[in-house]
Amino acid sequence: MSNGQYHNGDGGADHLIADFLRTSRELIAAQRDVMLGYLGTAPAGSYLSPTPYPSPSAYPEPIYAEPQPALVSAPAASAAAGPERAAGAGSEGAAGGVGATGATVGAEAPTQELSEASVLAAVLAVIADRTGYPVDMIEPDLDLEADLSVDSIKRAEIAGELATRLQLSTGGDIEELAQARTAAGITALILAGLTEAAPADATTEEPEVPAAEPAAQLLQPARPAGDAAPAPVIVAPKRLVHKEFELAEAEVPSGELKGRTFLLIGDGDLAITLAKKLKALGAKTTAKPAAAFDGAFFLSTEEPVLPDAFPTYQAILKTNPRWLLANGPGDGLRGFFRTVSREYPDTIARVVEHTPETTLADLADGLIAELSSVDREPVVLRSAGTRRGLELKETGLGHLGSTGAGPAGDGAAEAAAIGLDRDSVVLLVGGAKGITARIAGTLAAATRCRIELLGRSPLPIEDESPAVAAATTEAELRSALIDSGLRAPAEIERAIAKIRSAREVRATILRLGELGSPVRYHSVDVLDTEAVHHAVKEIHADHGKLDGIVYAAGVIEDKLIAEKSPESFAHVYRTKVDGAKALLDATNDLPEGPRFAVLFGSIAAALGNRGQIDYASANDTLEQLGHRWSGVDGRRGLTIHWGPWAPTGTNDGMVTPELMRSYAARGIELIDPEEGALTLLRELAWGPESATSVIYSASGRWR
Ligand SMILES: NC(=O)c1ccc[n+]([C@@H]2O[C@H](COP(=O)([O-])OP(=O)(O)OC[C@H]3O[C@@H](n4cnc5c(N)ncnc54)[C@H](OP(=O)(O)O)[C@@H]3O)[C@@H](O)[C@H]2O)c1
């Protein structure tokens, strides 16, 4: 149900909001209680108030750099981790190597007598230091992530600090330590390492870091004291598009397939033809996933393949097959296979897309040829005997698009070119938070248009208690909540998340109003298709128009394929795909629909990313959705695959300050939020109508 309310940009804004909030109090309180019930905690005391955000100065001073005129090529990718490494990785070891043994006291380190008690005490002290919890509240068996909100990056920092404090010889690899889920687990690993020497081949190899994934958990050891952390580099994004390039001919050496067994998923004529051809080459086929096989073909092209096919793919990959091929195209399969080939570098994994007119026999021959190891392209386009891959190429918008069209550079000229003015109505789904809230701000400043925001969070209505209101940082919030009587860390973490979410939504509403845009917020779960349709209909009915939509709702639950639950895959996938579908479908029911729809994808789809199989597939699917929506009455459905944005302290989005530090340590540049927001307007204003997907990334590392 919508609980929208306007907020005008005049002096009475606070009064209007307060008035609305009062009249909505009962309704929202009921929603809040449901939410708290769902979260497993009783409604707590009031803690909402117009508290300012933590000052961005709490973050390392960034470097604002001018865009580089030339592209920097990525350093040659180091040998990627093998599947067994992936399979052994911790839940969020998305970009890290795996397989180091426990830490040992360094040869050069003074001999230490480390008892279990002293190691545990050190571990608890470091965790307390990093989280703000007093040591006595950190039970050794608490789950660091679920109970204390210590994500993999913070865990890596903790591991690095412990390695320094306890003078552990880790060979530079603290990953296993960083993957331990509890203080007790970290302690056990350290103690085990003290009695067991690191193997001679313990590697410190850098895992491949695919370009600049938005929220992959990059593990980075904490720097030794005194060694200054590199400052993040924050720049305007570059515009990239996928371009086709010729690939070498693929051929399977004769005799190569003799005695091999292939699993064929999907029946029908293609399966029959392929089975015959494989048999002629001396191979066997089976349709039983439980059988032993060397390779698998996924032949079903009945849409949608994802997310339902994920468990089947996962089961196949568990066997570390030599080959995994899919007959494409299929929604999300490009992002899916780009990620599979990053997580399983020993498997030839690719989706093969043939032109529609290809005969069954040619389809089967093409699929067999793609068993070739001539290259590792995860996406191959075949037509009339040619093979082509896709690569990212920097393709600017020309002078106007790269410099801004007006002297002020505030987006006003771009907005005018798009046809947006004060009278326009723009709906931003996921727009009350994160990078979309930043974009809403730029839009409001440039046009003062009417802005409709949609998000899952309920509209915040309660004032915070004075003690909580005075707390700005997470550590201060923790202390204030502990002082208010909360004792269970999991409960405290949930309360902090709620407070921060409420503050962000409220601040966005206030800010947009101050910038002169009437703004309304709707609490809608995009997975509720009916509610999405209702909200769109209502917005259109209220204004008599809807000029443009931005779809930015999304969640991440990073895990390697081997560890991903089908439910989690479906949740991440559906939040993006089903939500976007519902929104786009809803516009088709309007008498006059929007002229543009911008869907927020991710560079993880364009490149694949370890640990983000669901997210990469979903963002790739958005491309197809936007493309299909385009064209009708000249409307443009544009998917923007963003690289990571710099957090601002007010609207961080998926890139947390910890993740920013990790990117900085790896030399990955981040998108300057002001430039990023203007970029979207420039793309809509000056980008070619035919462009339905584009990548904007600050980092030059995209291979
Ligand atoms: N930040 C980056 O660097 C970056 C990079 C690449 C791509 N992106 C993409 O940009 C978009 C915004 O990301 P962000 O970083 O700004 O993250 P964010 O702050 O977490 O924003 C995500 C938004 O999605 C909303 N949302 C999630 N599930 C929803 C649901 N079921 N129903 C309704 N709303 C829902 C959230 O609202 P509630 O919290 O109220 O649920 C929130 O407003 C995402 O699609 C992301 O994939 C971001």
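Where is the place of P329? Select P329: this residue sits in the loop between β9 (323-328) and α10. Helices here (H or I, at least four residues) and strands (E, at least two) are DSSP runs, numbered from the N terminus.

Before moving on, know what is on screen. This is a predicted model: local features need pLDDT of at least 70, side-chain atom pairs count only at pLDDT 80 or more, and totals for chains, interfaces and linings use all residues. Residues are numbered from 1 along each chain as its sequence is written, and side-chain values use heavy atoms, leaving out hydrogens and water.

**Stop 1: loops**

The peptide bond from G328 to P329 is cis, with omega near 0°. Now pick L306 and P307. A cis peptide bond joins them too, with omega about 5°. P307 belongs to the loop between β8 (295-298) and α9 (310-318).

Next, select A384, in the loop between β11 (379-383) and β12 (386-394). Its phi is near 40°, a positive value in a residue other than glycine.

**Stop 2: helix pairs**

Two packed helices are described by the angle between their axes and the distance between the axes. The axes are lines fitted to C-alpha atoms, for helices over the stretch in contact, and angles run from 0 to 180 degrees between N-to-C directions.

Show α10 (residues 333-343) and α21 (residues 613-629). They pack at an angle of about 150°, with their axes 6 Å apart. That makes α10 roughly antiparallel to α21 (the term covers angles over 145 degrees).

Now show α3 (residues 116-131) and α5 (residues 152-165). Their axes come within 10 Å and cross at roughly 135°.

**Stop 3: the ligand**

Of the 29 residues around the ligand, R456, S457, K576, Y615 and M654 come nearest. Color α14 (434-447), α19 (566-588) and β17 (596-602): each supplies at least two residues of the shell.

At G430, a backbone N or O atom lies 3.3 Å from a ligand oxygen atom. At V526, a polar backbone atom is 2.9 Å from a nitrogen atom of the ligand. Finish with the surface: the protein covers 94% of the 870 Å² of accessible area that the ligand has on its own (Shrake-Rupley method, 1.4 Å probe).

Key. Near = heavy atom within 4 Å. Polar contact = N/O pair within 3.5 Å; in protein donor to acceptor, adjacent residues only side chain to side chain. Parallel < 35°, antiparallel > 145°, perpendicular 65-115°, else oblique.
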